[in-house]
Structure formats: structure tokens, C-alpha cells
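Please keep the viewer open and follow each step on screen.

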Amino acid sequence: MSESDEGDGQDLRDTVKRLEATVTALEARLARLEGTGAARSPLPPPAVAPPPAAPERRDLEAHLGTYWLSRLGIVALIIGIAYLITYRFGELGVLARVGAGYLLSAGLGAFGLWLARRHELFGRIVFGGGLALAYFVTYALHFIPAVRVIDSQALALVLLAGFVVAIVTIAHRMQSETVAGIALFLGLHTGMLSDITAFTLLSTTLLAAGALFFLVRNRWVIVPLSSLVAVYSTHVVWAVRTGHMAPGAPEDDRLFLSLGFLALYFLLFSVALLARPRDLPLRASLAFPLLNWAGLVSLGAFEVSQEQDSHLFAFLLIVALAQGVAAAVARLQRAPVALTHAYLALAAVTLALAMPARYEDVALVAAWTVTGLVAGLAARGVGSPVLRGVGVLILFVALAACEWGTPGRLTLLAGLVVAFVLVERGGTVRVPGLPEPGARTLFTAVCAVGAGLSLVALVGARMSAGLVTLGWVIAAFLLFGVGFAVRERWYRLAALAVLGLALVRLVLVDVARLPPDQRVLTFILLGVMLLVVSFTYTRLRDRRG
């Protein structure tokens, strides 16, 4: 053994001795610490982590009994008391009407607070019903003729506004979405039990403003969404009862008043949403513009078409412009990208809905084609896959509207082919949740189908009844040309599909029915085109090789 090996062995033995001395010292210290107790207790067994508890399954019966029955019960109770006030309180004196109504609401509210000590959620539901009943009593003191005590409309609206502020303040201090939802929901719907006038809509607007406070301040969603539905529902009821709002007023004034309320609803909910758009869940932030747009467009279009059908186009253009402005504000507010895209898509859909109000036949198909093309190309600039999808959908609507008897059909179909190709060539737009290649493939396939159908219809319109198959072959040949020109295989696959259908028709139908001359022409041209396409594929393969 060398001297270096012996030195290494000695160092190792010294290290082991130091380790043994350290362990001995630690054991002696541990013995002293344990000796301070009366007896040395054995070490407890290592704790075993309990298995994760299985997720608790919701009991449907218990959920229905506790959640839904309580809410349905308070709704039925408040509506029943509201009918009692409407039909029976007129028999009482002035002070009795006021006192009995507020006494009922105060008793119900106090009972709810007492219940909340033991059953908080159930008690708050009853308390919210008491607030709603007090609001209805205040509403009835002027707006229900049989119970009327207050003659001044301005004073009645001031009282209602003050009561809405009180509901909002109480619910906000309690931090109870249940109280806010029950009180505002019932307040919105009890007003529908009487004749709906302009002041009824003003009162519902006040309640909606109170609900929107919770959207802006507390970022609660259910209360404002239910208020949005209730506000437009109240307007629907008024639209059915056309004689009660502004009775005796000229039709123009009545229409202006109705559209003014609809514009006010749209503005209120849009401003509340766009004030702090990043704090809301994505689904909720998308539900607001969609429901707001649906209410505005459906009710506004109904009102305008009932009174002045000639103004429908202008109304829808204004709505489309409003959606575009909302999209711009959403972008400035750094809202979720999906919200901006939703506003842009709704603007494009509104433009498409406006076209039939102004154009017909050829002009309508051309207008839809231009709308779809502009929407599809604009989607590239803003990076919106939703807008581009809407653009393609509008192009398909234009293709479906281009009937066989439409004058200028060839020009329209040629424009649709170009539009489909241009929108598809607009570039890749990333779809959230879908890999970029998959999104690109799906979108390209849809555009290729649209271009293929447009080409088939274009060529078929120039062919006689006996040369339909030949028209399909020519359309497939042109589609191959597009696919080779833009270097996109989906156009070529669509061409292969059209060619396959043409071959099937040729074998099953044309061989037996075509006259000899047409049969000769069809087969010769088919063979030439197939050889040309095959030769093109061969050259491409050789170049790649």
C-alpha cells in the first residue's frame, strides 16, 4: 500500500471517530431531556393522513326544498299581497291605505330579521320580500288608481327613487346579494301587475339603476342580470298593451318615447358593464352585451316596424354603430378580448339584419356579400376569430339567398367565390382553447366548402339540363386551380369531393340518359381535365422530390 493510500485511510478513520463522538453527545443530550419527565413515554405512531373525502353530492330534493321553494314562496306571497292592495285597499281610508301597506311590509321585514338569527339565508329571503312589498306600497300610492293617495307624479318618482336608494344601502351594508336580488326582482315584477305607463318604465329604470350599483361596486352578477331581463320584460308587456303608455299621444311621440327608454336601458347596462370590465367572470361579461343587444334589437325593431317601417334600416344602423362604439370603449378599458370581439360580432350581425329592410333580390345578396367580406377582412386587423366567423356565416346566407331565378346571378356567385377566398386568405386568427393549426384548418375547410358551392352554382347556371355533370367537372377543375394558385390543400380536397360526385352522377345517370353527342363531349372533357390535374400533381411531386 502506498503512502498516499495510508494517508487517505487515516483521514477516513478520523472522520468516523468524530461522527461517533457527535452521535454519542446527541444521545446523552436526548436522555437528559427525556429524564425531566416522570416517565419516558413511547413515541406516538406516525400520523396517517386521512383519505381525501369524496365530494359531497348535492341532494336534489333538499336543494329544491331549501333553495327554490323559499324563493318561489316569497314571490307568490308578495304577489298575493300586491293583488290584495290593488283590489281591496281602495275600500279603506287614506291613512288606512298607507298605514296598512307599510305595516304589512314592516311586519314581514321584521319577521325576516328574526328568522335570520337562526336561519340566515331563509330569513334574508323573507326580509328582502318585506323591502319589495314596501317598494310596491310606495309605487301603488300614485300609480294604482284604486289606491292613489299621491297626485303629484314628480313626488311619487322622488319617493320611489329614495326607496330604491334605501334598498341598495341596506343590501350593501348587509353585503347580501340575496336581499338585493329578492327586493329588486320583486319590485321590478310587481309593477307589471298594474297598467304600464311611462312612469312605470321610469320606476323600473330606477330599480335597474339600483341593481347596476351592485354590478359596479360589488361585482355581483345575478342581481343585475335578472334586472336586465325584468326591465326588458316590462317593456314587452307594455308593447302588448299598446294603449296604456302615453294614451292619446301621436304615434311619432309614442315611438320616440319607447325608443328613448330602450336607449336608456342599453346605455345604463353598457356603462355599468364597461366601467370595470376586467373584474367580472368571462361568461357573465359576455351575457350582458348579448342580452342587452337582444332586448334592444327585438323590441326596437318591433316598435319601429309597427309604426314606421321605413325607419327600420336607420334604427338597425344606429344599433350597429352603438355596438361598434361599445367595442372601442371595451378596448380602451382593457376589457377581456372576448368582450370586445363579442361587441364587434354583434355589430356585424346587426348590419346583416338591417340589409333586408332596405334592399331586395340582387341588391340584398350583394349587400350581404359586401357585409360578410368587410367583416371577415376587418377581423384580421382586430384579431377577432368571432368576427371572422360571423363574416363567413353572412357569406353563406348570401349564397343561400342567391336563387336560380335571381337576375345577375353569375356576377353575384363570382363575387361570393372571391369573397370566400379573400376572407380565408386574411390570415390566421388564434381561437382561445383551440390550437392554432386546428383553428386554421377548420376555418379554411369551411371557406373552401363555401367557395366550392359557389363555383358549382356559378358553372351550373351556365349549363343546360343535360350538361349538369360537365358543369360540376368544370367547377372542380376551377377549384383545383384556386387550390394550386394559393397553395392550399383544402380547396383541392373540396375539388376532389366535387369531382367524385360528378363521377358518381356520370356513371349512374348520364351514361343511360344523355344523348350520344353530350355523352361524347362529357367523357372527352372529363378525361382531358383529369389528365391536366394529374399532370399538375405529378410536377409538384417531382419538384418536392
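## Exercise 1: Around serine 454

Leaving out residues up to four places away in sequence, serine 454 touches Leu399, Leu413, Leu416, Val417 and Phe420; contact here means heavy atoms within 4.5 Å. The model is predicted, so local features need pLDDT of at least 70 and side-chain atom pairs count only at pLDDT 80 or more, while totals for chains, interfaces and linings use all residues. Residues are numbered from 1 along each chain as its sequence is written, and side-chain values use heavy atoms, with hydrogens and water left out.

Task: find the element that holds serine 454, and decide whether serine 454 is buried or exposed.

Solution. 
- Step 1. Serine 454 belongs to helix H16, residues 436-460. Helices (H or I, at least four residues) and strands (E, at least two) are DSSP runs, numbered from the N terminus.
- Step 2. Apply the cut-offs: buried means under 20% relative accessible area, exposed over 50%, and partly exposed in between (1.4 Å probe, protein chains only).
- Step 3. Serine 454 has 0% relative accessibility, so this residue counts as buried.

## Exercise 2: Checking helix lengths

Solution. 

## Exercise 3: The buried side of H13

Task: which helices do the buried residues of H13 pack against?

Solution. 
- Step 1. Select the buried residues of H13, among them Leu364, Val365, Trp368, Gly372 and Ala379.
- Step 2. Trace their partners: helix H12 (337-354), helix H14 (385-401) and helix H15 (409-424).
- Step 3. For practice, repeat the selection on H17, where the buried residues include Leu470, Val473, Leu479 and Phe480.

## Exercise 4: Aromatic rings

Task: describe the pair formed by phenylalanine 213 and phenylalanine 214.

Solution. 
- Step 1. Rings of Phe, Tyr and Trp (its six-membered ring) pair if their centres lie within 6.5 Å; planes under 30 degrees apart count as stacked, over 60 as edge-to-face and the rest as tilted. The structure holds eight such pairs.
- Step 2. Compare accessibility: phenylalanine 213 is partly exposed because its relative accessible area is 29%, whereas phenylalanine 214, at 0%, is buried.
- Step 3. Phe213, Phe214 and Trp220 form one aromatic cluster.

## Exercise 5: A loop residue

Task: where is isoleucine 144 found?

Solution. 
- Step 1. Isoleucine 144 lies in the loop between helix H4 (120-143) and helix H5 (153-174).
- Step 2. Its relative accessibility is 3%, so isoleucine 144 counts as buried.
- Step 3. Isoleucine 144 and threonine 86 are 58 residues apart in sequence, yet 6.9 Å apart in space, C-alpha to C-alpha.
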